[in-house]
Amino acid sequence: MLIILVFLIGMNEERITEKLNILADAAKYDVSCASSGSKRKNENKGLGNASNGICHSYTEDGRCVSLLKILLTNHCIFDCAYCVSRKNNDIKRAAFTVQEVVDLTINFYRRNYIEGLFLSSGIFKDADYTMERLVRVAKKLRTEHNFNGYIHLKSIPGASDELMNEAGLYADRLSVNLEMPTEAGLKLLAPDKNQQDMIKPMGYLKNAIIKHTEEKKLFKKAPLFAPAGQSTQMIIGATPENDSEVLHSANYFYKNFKLKRVYYSGYVPVLADSRLPALNTAVPMVRENRLYQADWLMRFYGFKVNEIVNTAQPHLDLDIDPKLGWAIRNMQAFPVDVNKADLQMILRVPGIGLLSAQKIVSARRFGKLNWDHMKKMGVSLNRAKYFVTCNSNEFERRDLTGSNIKQFILATSQSKYLKNTQTQLNLF
Amino acid sequence: MATTTLIYDGTFEGLLSAVFEVYTHRLQTVNLHAGEWLTSALFEDVIKVVTDETRAARVLKGLKERVSHIGVQRLYAAHLAGMVGEDLNLLGYIRYAFDSPMNIEEDYGNRYVVRVSELVRMVRREKHRMEAFVRFQQLTDGTFYAAIEPDFNVLPLLIRHFKSRYADQKWIIYDIKRKYGLFYDLHDVQFINLDFSDDNKAANVMASFSEEEGIYQQLWKNYFNSVNIASRKNTKLHVRHMPKRYWKHLTEKI
């Protein structure tokens, strides 16, 4: 009897392991792994809470592992060119049962491996059928297991308002991937999808979140509704959109759908298709990094999208970060006196981040700041020194042009991307 | 000006008592470190700080009038961490707070304020790392056990997080370096000491793992490998986020 039992567990383990390998592998191109921004508390001595995001591990490519990120299934009726799970791709298919996902989540969570679950899925049968399964997993975790950890569900394009409403009641975050920055790009690579189907659940959730937030202000006991909001993702480098189009599209969705995050995913060539970059194309990691920097400038540093990219400047400079790029195009705004300037202007100085800007504004009430003070506060002087003055006789006196400064900074800094850009020959 | 060396017992009350000594004896330049009272020290200008609760309480009361509640907590956390050679900076911060007419917490132009903010950041980061890197292993009696070796003494700072998160399971987090741990019994958290003498080694803990434990560890390792994107390999970034010294307690890196 015992032997049979062990055998059964063994079989099961093997099958679960295979499913996990297939369905985690298929989900990994979804880059979001955020687990912050929710405020779900652990009530009635249940399991878990969701408040402050934690990365429990990091993959060998340096990405945060915060959630158990899996597909419910990689069976899919769609045939999107960029997707490994596309209908016509000859790969192994698998599907988890609802209970299997619940067990994995709970057991990983209890061991402090994860902050929660990020559940996505290939589309099987139709949108509502798929969405209903995703919601069922979240519902079971919340209602049967008193699980208060983080849950991120995919909004399946075209899912009904009723299901989206239910999803919002159980999940902390919902996201629908725009996939391509423009509708034209989407039509080219994902002929089965249309942007309206994606925008519909997004629009419904936006209004529902606003409504629930209002209710919450009036009644403390009102239920949480997607407290960590919505996000989306765009694939970069699979279609020919320029950075200006990408960032303007992101800006549009931030403004009109109150998204918490837009993720930019450098296209990883996984499939041979004449519409796509060739299989040996490098992942555009530098470009992806610059897009995130630009995104941060829009969300935290008070930059307008037009100041970062516009028709005259359709691409971000790959050599330097977009803040430095803006500064050298706008030399008339500098130098800035750190002892007098507004926080908004100090934030625009290359080499000064959010925290050091706040420290500068706090500390200058006590006395005038000099270079040494700024260095101690974490300002990166090798960039900032060209753009600020402080309580010191030493400052940049030469009348440097933007391109002079760019040369000086590039010459003195060790770019993390140097290996990609070193094309000049050493002559001597 | 002569430098007076103060030796104290390393506790927070001891530190506050040292502040008391500084002001009663009107000391100017001082040196402060935790440690034993050595007879050889008699030939120098040395004061042994006697830890006195009443004096410490008086200093704390005064400090609370000059520094915010959170400021006092930050100072406490920085001291608790037990970083070597930082006692004088903490003392300097407290003296600066007492000697200034206004609240100095945000005076980042001052070397003590900026240093304490660095220390707090280091402690916070270590605390946050432990919240991330604790790996519980389920024992046969259902208790979840984890061993850690943090750079600083952050165990007491972890209580609130783990207690509210894992309210429905018994757990132990043990600091192997400092030889003490936390035990949550479904009601409260207690400090505990475990006996890991030679014939009572970690192997015994392993022997008492639950049946499921190995399966979930294996599944987690598999998951960790599956989510990696090989064409984006970036070892430098990986190691920066997960320094190698933590690997021996990380299931996925063993």
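In the predicted model, A:N146 is partly exposed, because 16 other C-beta atoms lie within 10 Å, a count between the limits of 12 or fewer for exposed residues and 20 or more for buried ones. This residue is placed in the loop between α3 and β5 (150-154) of chain A. Although A:N146 is not a glycine, its phi is positive, at about 50°.

A positive phi is also found at A:K125, a residue other than glycine, where the value is near 60°. A:K125 belongs to the loop that runs between β4 (116-120) and α3 (127-143) of chain A. Because A:K125 has 11 C-beta neighbours inside 10 Å, it counts as exposed; the limit for this class is 12 or fewer.

A further backbone feature of chain A concerns a proline. The peptide bond joining A:F334 and A:P335 is cis, with omega at about 0°. A:P335 is located in the loop between α10 (322-329) and β9 (336-337) of chain A.

In chain B, the arrangement of domains was examined. This chain is divided into domain 1, spanning residues 4-125, and domain 2, spanning residues 134-253. A distance of 34 Å separates the C-alpha centres of domain 1 of chain B and domain 2 of chain B. Contact between them involves six residues of domain 1 of chain B and five residues of domain 2 of chain B. On the side of domain 1 of chain B that touches domain 2 of chain B, five residues are nonpolar, one is polar and none is charged.

Note on methods: Residues numbered from 1 in each chain as written. Chains lettered and ligands numbered in written order. Predicted model: local features only at pLDDT ≥ 70, side-chain atom pairs only at ≥ 80, totals over all residues. Domains from an automatic or database assignment. Contact = placed C-beta atoms within 7 Å. Nonpolar A, V, L, I, M, F, W, Y, C, P; charged D, E, K, R; others polar. Helix = DSSP H or I, 4+ residues; strand = E, 2+ residues; numbered from the N terminus.
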